[in-house]
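Dear colleague,

Here is the structure for your files. My notes follow below it.

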Amino acid sequence: MSDHPILSITDVATPEAYPAITAAALSGEWPALTERLKRTAADYRRAPSLHTLLQLEGTLHAILRAPRDTLDTWAETEPDNPWPRLAQGMADTYAGIDARGEETADQLTDAQWEQVVTSLNRARAPLTRALELGAQPGPALAALGQAATILGVSEEEHQQLLAQLAEADPNWLPAWSTALARSEARWGGSLAHMGEVVRLAEHAITAPELHQILTAEYWWWRANRAATIDGDLVTARGHLRAGLEDCPPGRMRAALLVLEAQILASLDAPALEIAEGWQAAVDAAPDDSTHQFDLGLAWVNAGDIERATAVLSRLAERPGPEGLEAANWLGRCLARGRRGFPQDRAAAERWFRFAAEKGPDGKLNLAELQLEDDPHSEQALALCRTAIAEGNGFGALPLARALLTQGEQAEAKALLSDVPVDFTACKYALARGLDEGWFGTPDPRAALEVSNTVLPQVFDPYLSVLHMTLLSAQGNWDAARDHGHWLLEVTAEGQLDLPDPLPDEVRRLLSEIPKPGLGGLLKRTFSKDRLRMEVESPDLWAI
């Protein structure tokens, strides 16, 4: 057992650590997993620190990447082992959190909320059993606290959870973080409640580093509320500065600096100052790729393309979705010479080929670059088909364009019709094509059916403006007018994004709609004019 690969991992932040532990779970290597958990738990108890805590927490999260039925098999195989019970309960807790998403309870449907409640209630039994069997208490208490925060917890239950944590596992920082969140005003608490958590933790936590991180998190919560709820960005930045005073390097310090960089952008600080703020945030947690793309964009906005290229190139070579996004973004900028980048098609093609090996977006970008040189390239069209098969429906746009140039109208129409509604640019192309006769005889009624079907599900600015003209084509002038006024209102209120030049286009269209009354009646009766959009989606096509 001592030579099992996962037992030699000393840092779960290394790239191969998580996959190795997850693989052991998937292949049912229960003794090695149990031994790994026992060792990391013992290290944490013997010398509580952020590092030893992360080794145990990271091991658990790597195991949780395995399917739920794998954890059930482990628990059934070893019914008296506390660790699979803990993993089951944590998996159920995270399933409930994922089911809730970013919404509050009042924004969910009854069915969605029932799914949240079912998952979180299901977590209680295995977590309780894990505590009875002797699992490390902190992770179980943290999961129970997360469930309590979402489901609602009384003051008495809150105090009981705090007391149990202080006695059973005082250094488990994630449980204190959950308690701090539960004490925030948006969960029914107050500044006094939050201060109480920090003071209790100060007496209970034996590792000073962990208490410093919790204190910094307290200031992050205060800054977050001041910025997002009160709109007081100056006070929010002062709270962030207080949190940074004794905060050690790592994720919490990075979180404070990220929020400060976002506040600097909201304050319209100089682009260089914003970029330096993002640089400090990334430097605080260099192994976390989450905000490295933001850093690259910040240097672009500051006009330092050399530093932006260095940041984004390093990110592009890292595994994960952030790396893929960076590779594709770099390729697009280099292909067109956008955002201050020099036009370099050869470099763009290298990035697209790199990204194409890892996902459909790179294949589609590479195909579009090749189609610029040869509109009939079979290799490029094959890449489009593969991108669609791998989940990127936007591949239907260049493929449909090629089909139309070859006179295959029915095939192009069917291709755009089959794409899921999430790929709204394809539905815009379908509606516009039906309206303007790209696929044969113009059919405005069928075009209106497309916009009527898509818009209630997914908003698209171009399709929504086109919807006005389609309503007018059917003589629904009042509905067209109401839709245009609604678009301008929700855009002014910040509820929807209607990019330039669409607001002006909507105003122009509204001015052409006949007014109520006799004059409008005569125009509606005798005029053959209809509303026509004069702007085109810049990245769609020229047909």
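Thr22 is buried, at a relative accessible area of 10%. Please keep in mind that this is a predicted model. The residue belongs to helix α1, which covers residues 17-26. A polar atom of the Thr22 side chain sits 2.7 Å from the backbone oxygen of Ala62. Setting aside neighbours within four places in sequence, Thr22 is in contact with Ala62, Arg65 and Ala66.

**Gly362**

Next, Gly362. Helix α19, residues 360-373, holds this glycine. Its relative accessibility is 1%, so Gly362 counts as buried. Leaving out residues up to four places away in sequence, Gly362 touches Asn328, Phe352, Ala355 and Ala356. Phe293 is 69 residues away from Gly362 in sequence. In space, the C-alpha atoms of Gly362 and Phe293 are 17 Å apart.

**The nonpolar cores**

Which residues touch the most other members of the largest nonpolar core? They are Leu33, Ile63, Leu86, Trp176 and Leu416, in a core of 161 residues. Beyond its neighbours within four places in sequence, Leu86 contacts Leu60, Pro126, Leu127, Ala130, Ala135, Pro139 and Ala140. Another core lies apart from the largest one and has five residues. Among them are Leu108, Val116, Leu120 and Ile150. As background, nonpolar side chains tend to be buried together in soluble globular proteins.

**The chain as a whole**

Now the overall picture. The secondary structure comes to 28 helices and zero strands. The C-alpha trace spans about 85 × 55 × 50 Å along its principal axes. Of the 543 residues in the chain, 49% are buried. Take the contacts between residues at least 6 apart in sequence: 57% of these join residues at least 24 apart.

As for charge, the chain carries 48 positive and 79 negative side chains. The centres of the two sets lie 3 Å apart.

Best regards

How values were computed:
Residues are numbered from 1 along each chain as its sequence is written. This is a predicted model: local features need pLDDT of at least 70, side-chain atom pairs count only at pLDDT 80 or more; totals for chains, interfaces and linings use all residues. Side-chain values use heavy atoms; hydrogens and water are left out. Helices (H or I, at least four residues) and strands (E, at least two) are DSSP runs, numbered from the N terminus. Buried means under 20% relative accessible area, exposed over 50%, partly exposed in between (1.4 Å probe, protein chains only). Contact means heavy atoms within 4.5 Å. Lys and Arg count as positive and Asp and Glu as negative; His and the chain ends are not counted. The place of a charge is taken as NZ of Lys, CZ of Arg, CG of Asp or CD of Glu. A nonpolar core is a set of buried Ala, Val, Leu, Ile, Met, Phe, Trp, Tyr and Cys residues joined through side-chain atoms within 4.5 Å. A polar contact is a pair of N or O atoms within 3.5 Å; within protein, one must be able to donate a hydrogen and the other to accept it, and residues adjacent in sequence count only if both atoms are side-chain atoms.
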